[in-house]
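Hello,

I am passing on the structure we talked about, so please open it and keep it beside you while you read. My notes on its strands follow below.

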Amino acid sequence: MPIAGRVALVTGAAGGLGSVTAAALARRGARVLVLDLPASPGDRVVAEIEKEAGPGAARFVPADLADLDATRVFVAGLAAEYGVIDILVNNAAVYPRKPFDEYTTQEWQQVQRINADAAFVCAQAVVPGMRRTGSGRIINIASITFFGDFELLAPYVTSKGALVGLTRALARELGPYGITVNAVAPGAFPTAAEMIHPDHEGYERFVLDHQAVKRRGRPEDVANAVLFFAAEESGFITGQLLAVDGGWVMH
């Protein structure tokens, strides 16, 4: 399944990793739907993408993934409008940070809803079209926090573990239809997500001490992994989790 000419939906695409991933897909010739909150800089992201990839390469589609029923209807509508969404990148996530016994039930549920439940809903909305065409790529953005070594992120880590489980379950179920489902687990990247850490210099040292590669990751590193899973050449790979973390975790 070549990337050029395909329709790709990237959630959380106005943020650091998401915007770079959306731009990378557009440079390969995909028509990219940039999904993020209405108040996000989605229009600016689309403008930047089109400067490089040309007019019509991207479109901002504002939506709040926390509303699961509305998300299902909205994404299904996009799939109907374009005929099929060939590539789905479930990237959207929230990441509060505090001791686990200080989270309210509502906070816990909000993280699961956006990080994991919305990925399930988006997949449900795009899979009928993928089945019809006999091809498709679903790429879930997990996290190396799932492997341990991080604290104060219990709801986030749990949600990313759920994405790994969803990846494997869908890979098994959808493989007969020519649909592959894989996950990318980013390490620590210098995006807005790091603002949750109070000691930035200390966190920088912590990251580099744990990585085998002694440089900070770049969003392009994650985008390249997504491009690999989206490409025709990876069509015999499914149900896999690829850590993009400079050698932090090795399995």
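Strand β4 (residues 87-90) and strand β5 (residues 136-141) run parallel and are joined by four bridges, where two strands count as paired if DSSP finds at least two bridges between them, and where strands (E, at least two residues) and helices (H or I, at least four) are DSSP runs numbered from the N terminus. Within this pair, Asn90 has Asn140 of β5 as its bridge partner.

Please keep in mind that this is a predicted model, in which local features need pLDDT of at least 70 and side-chain atom pairs count only at pLDDT 80 or more, while totals for chains, interfaces and linings use all residues. Residues are numbered from 1 along each chain as its sequence is written, and side-chain values use heavy atoms, with hydrogens and water left out.

Together with helix α4 (residues 105-133), β4 and β5 form a right-handed β-α-β unit, meaning that, with the strands pointing away from the viewer, the path from the first strand over the helix to the second runs clockwise. On β5, six of six residues are buried, that is, under 20% relative accessible area with a 1.4 Å probe and protein chains only; Gly136, Ile138 and Asn140 lie on one face, and Arg137, Ile139 and Ile141 on the other.

β5 also pairs in parallel with strand β6 (residues 179-186) over six bridges, and there Asn140 stands opposite Ala183. From β5 the chain crosses through helix α5 (residues 154-174) to β6, again as a right-handed crossover.

Best wishes

How values were computed
Buried means under 20% relative accessible area, exposed over 50%, partly exposed in between (1.4 Å probe, protein chains only).
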